[in-house]
Amino acid sequence: MKIDHLGIAVRSIEDSSKFYLDAFGLEIAETETIEDQGVHVALLPVGESRIELLEPISDDTTVGRFIRKRGEGLHHICYEVEDLQSKIDRFKAHGVRVLDGYPRRGAEGKLVAFLHPASASGVLVELVEKART
Ligand code: ZN
C-alpha cells in the first residue's frame with residue numbers, strides 16, 4: 001500500500017493551484033471532470049503521491065456541501081490497495097461503513113471506494129485499486 005493522493009477541496013482550481021504551481025513549484029499532471037462525483041479534478045505529483053485538488057461543479061455536490069459547511073481544506077486521504085473488492089469485504093467484516101457498499105469509477109477511470117469518516121476518526125478515506133500491469 002501507499003498513499004496515492006491527498007484530496008483537497010477548493011473553490012477554484014485556478015486560484016488554488018497558484019500556491020502549488022508558483023510558490024511550491026509543483027506541476028499539474030492531469031485534469032479531468034468526474035460527473036459522477038460532481039467535481040473537476042487536478043492531480044499534482046509529489047514524489048510517488050499526488051495532491052488532488054477538487055473543485056465542485058456546483059454547490060449541490062458532495063464537495064460543494066463540504067466547502068459550504070467547513071470551508072476549503074483537506075477532504076480525504078486515498079490509499080492505493082490491491083484487490084479492492086476483497087479490501088471492501090474486509091472493512092465491512094470489521095464493521096466499517098463503506099459508502100455505496102461497492103467500488104465506483106473515480107479519477108483516471110480507476111476503481112475507488114470511500115469509507116465513512118465516522119469509521120476513521122473523522123477522516124474520509126478513499127481506496128483506489130492499483131492498476132494491474
Ligand atoms: Zn481522491
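## A walk through the salt bridges, zinc site and core

Let us start with a pair of charged residues: the side chains of Lys130 and Glu82 form a salt bridge, 4.0 Å from N to O. A salt bridge here is a side-chain nitrogen of Lys or Arg within 4 Å of a carboxyl oxygen of Asp or Glu. Lys130 sits in the segment after E8 and Glu82 in the loop between E5 and helix H3 (84-93), so this pair links distant parts of the chain, 48 residues apart. Helices (H or I, at least four residues) and strands (E, at least two) are DSSP runs, numbered from the N terminus. Glu82 is exposed, at a relative accessible area of 52%, while Lys130 is partly exposed at 39%. Buried means under 20% relative accessible area, exposed over 50%, and partly exposed in between (1.4 Å probe, protein chains only).

A word on the model itself: it is predicted, so local features need pLDDT of at least 70 and side-chain atom pairs count only at pLDDT 80 or more, while totals for chains, interfaces and linings use all residues. Residues are numbered from 1 along each chain as its sequence is written, and side-chain values use heavy atoms, with hydrogens and water left out.

By the rule above, the count comes to 9 salt bridges. One of them joins Arg50 and Asp4, at 2.9 Å from N to O. Because Arg50 lies in strand E4 (residues 49-56) and Asp4 in strand E1, this pair ties together parts that are 46 residues apart in sequence. Asp100 and Arg104 form another salt bridge, with their closest N and O atoms 2.7 Å apart. Asp100 is partly exposed at 43%, and Arg104 is partly exposed at 23%.

Now look at Glu80, in strand E5 (residues 73-81). Glu80 is buried yet has no salt bridge, and the nearest side chain of opposite charge, Lys2, is 4.4 Å away. For charge, Lys and Arg count as positive and Asp and Glu as negative; His and the chain ends are not counted. Beyond its neighbours within four places in sequence, Glu80 is in contact (heavy atoms within 4.5 Å) with Met1, Lys2, Asp4, Val128 and Lys130.

Next comes the zinc ion, coordinated by His5 (NE2), Glu52 (OE), His76 (NE2) and Glu126 (OE) at 2.0 to 2.3 Å. His5 lies in strand E1 (residues 2-9) and Glu126 in strand E8 (residues 124-129), so the pair ties together parts that are 121 residues apart in sequence. Both His5 and Glu126 are buried. Donors are N, O and S atoms within 2.8 Å of the metal (3.2 Å for Na, K and Ca); water is not among the atoms, so sites may look incomplete.

Finally, find the largest nonpolar core, made up of 10 residues: Ala9, Ile34, Val39, Val41, Leu43, Leu54, Val63, Phe66, Ile67 and Ala107. Strand E3 (39-46) and helix H2 (62-70) each supply at least two residues of this core. Such a core is a set of buried Ala, Val, Leu, Ile, Met, Phe, Trp, Tyr and Cys residues joined through side-chain atoms within 4.5 Å. Leaving aside neighbours within four places in sequence, Ala9 is in contact with residues including Leu54, Val63, Phe66 and Ile67.
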